[in-house]
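Have a look at the structure first, then read on.

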Amino acid sequence: MAELSYRPWQDGDDLTLLEIWGDADSAPAGQFRAALTTAQDANPWRRTIVAEDQGIPVAAGVVYSTKLHPNRLWVFVEVAKDHQRAGVGATLLTMLRREADGALASGLVSTTALRTKVAPGTSGAAFAEAMGLAVLQRNRVVEVGPGALKLPVFGEGTEEEATARVQDLATGSVELTDVVGRYYESVNQWDPTGTLSAGVVQRMFLDDLTGAHGALVLRAEPESAFGASVAPSKKGKIQAFALSYSQGSIETNEDIPASASEVFLGVEPTLENDVAVQAVYDLLALITHQYPVLLELDDSMDALAAVVNPMISVGAAKVRGTETLVVGE
């Protein structure tokens, strides 16, 4: 192999590299390939470097910032199979680190710590481990089958009590936006987001462009504005929420039943653990009564994991596709 040369990304590199690389070896790699593009200084800051062998691109790496998780930069490196284990990836990573150092000195970024996503057992995972990146988080896509959980009974089991506890909400609801944003913040303390504005939460989870088309919430028991001896007059606070999305927002590399809804399920983050777990159980039982659902499950989602992990162990829920690891510094 001749000595390689390195240069910034140019238009057309994507077509050449995709032909040389072939299919991505994991879902994260396939997603990161879209980040390989020309450099820019803001929104986000980005640098992309290409390695050439006798004028032909054979490898590339990119490092870039995001507003949502500002404490680390995303990084991705991919090398053609016949050029792996020759130090090309390590060289690209070193060059990307230098770019980040320069950006920090210029005030273009606020950090040089790195993170990336890998699938266990892939060359990308082995490379990340060799470069000293440690596991920060595990993500799985889980299918929960219909009727796997017993339907909850609220109070005396009357329709009025059930209606007071379980409600449809518009995705533009201020109340819903607030709890979704605080939940996302709470389960991402391992890679903090900072306080999310209502506008950001809407764009991330609730806008029509996200594919969101429905929201079901589980409320606490209604409260009385005049004491326990008087009939309830105030609706209970949201304990858990389930946002449904059109199929295609969750990538699994597997065929998923057409009847399976893609759902983001979360809880009010200030709930006591046992209350949060029960709220997740009740709402998940309701939304899976007749049809399967597809959930993204991070290990940091304690209440959801407490319900779903035992279901996986007994076969009542299935992990779809390959789990994803977020690794970083």
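In this predicted model, helix 6 (residues 174-186) packs with helix 7 (residues 198-206) at an angle of about 85°, and their axes are 9 Å apart. An angle of 65 to 115 degrees counts as roughly perpendicular, and helix 6 and helix 7 are therefore roughly perpendicular to each other.

**Where the two helices meet**
- From helix 6, the contact takes in L176, T177, V180, G181 and Y184.
- Helix 7 contributes A198, V201, Q202, M204, F205 and L206.
- The residues of this contact comprise eight nonpolar, three polar and no charged.

**Helix 6 in its surroundings**
- Helix 6 has 13 residues and reaches 18 Å from first to last C-alpha, close to the 18 Å expected at 1.5 Å a residue.
- S173 caps the N-terminal end of helix 6, with a side-chain oxygen 3.3 Å from the backbone nitrogen of E175.
- The buried residues of helix 6 are L176, T177, V179, V180, G181, Y183, Y184 and E185.
- Those buried residues pack against helix 7 and against strand 8 (166-169), strand 9 (212-219), strand 10 (238-245) and strand 11 (261-267).

- You will find F264 in strand 11.
- F264 has a relative accessible area of 12%; the cut-off for buried is under 20%, so F264 is buried.
- Leaving out residues up to four places away in sequence, F264 touches V180, Y183, F205, F241, A242, L243, Y245 and M301.
- F264 lies 46 residues from L218 in sequence, and their C-alpha atoms are 14 Å apart in space.

Technical notes. Residues are numbered from 1 along each chain as its sequence is written. This is a predicted model: local features need pLDDT of at least 70, side-chain atom pairs count only at pLDDT 80 or more; totals for chains, interfaces and linings use all residues. Side-chain values use heavy atoms; hydrogens and water are left out. Axes are lines fitted to C-alpha atoms, for helices over the stretch in contact, and angles run from 0 to 180 degrees between N-to-C directions. Helices (H or I, at least four residues) and strands (E, at least two) are DSSP runs, numbered from the N terminus. Angles under 35 degrees count as roughly parallel, over 145 as roughly antiparallel, 65 to 115 as roughly perpendicular and the rest as oblique. Contact means heavy atoms within 4.5 Å. Ala, Val, Leu, Ile, Met, Phe, Trp, Tyr, Cys and Pro count as nonpolar, Asp, Glu, Lys and Arg as charged, and the others, Gly among them, as polar. The expected span of a helix is 1.5 Å times one less than its number of residues. Buried means under 20% relative accessible area, exposed over 50%, partly exposed in between (1.4 Å probe, protein chains only). A polar contact is a pair of N or O atoms within 3.5 Å; within protein, one must be able to donate a hydrogen and the other to accept it, and residues adjacent in sequence count only if both atoms are side-chain atoms.
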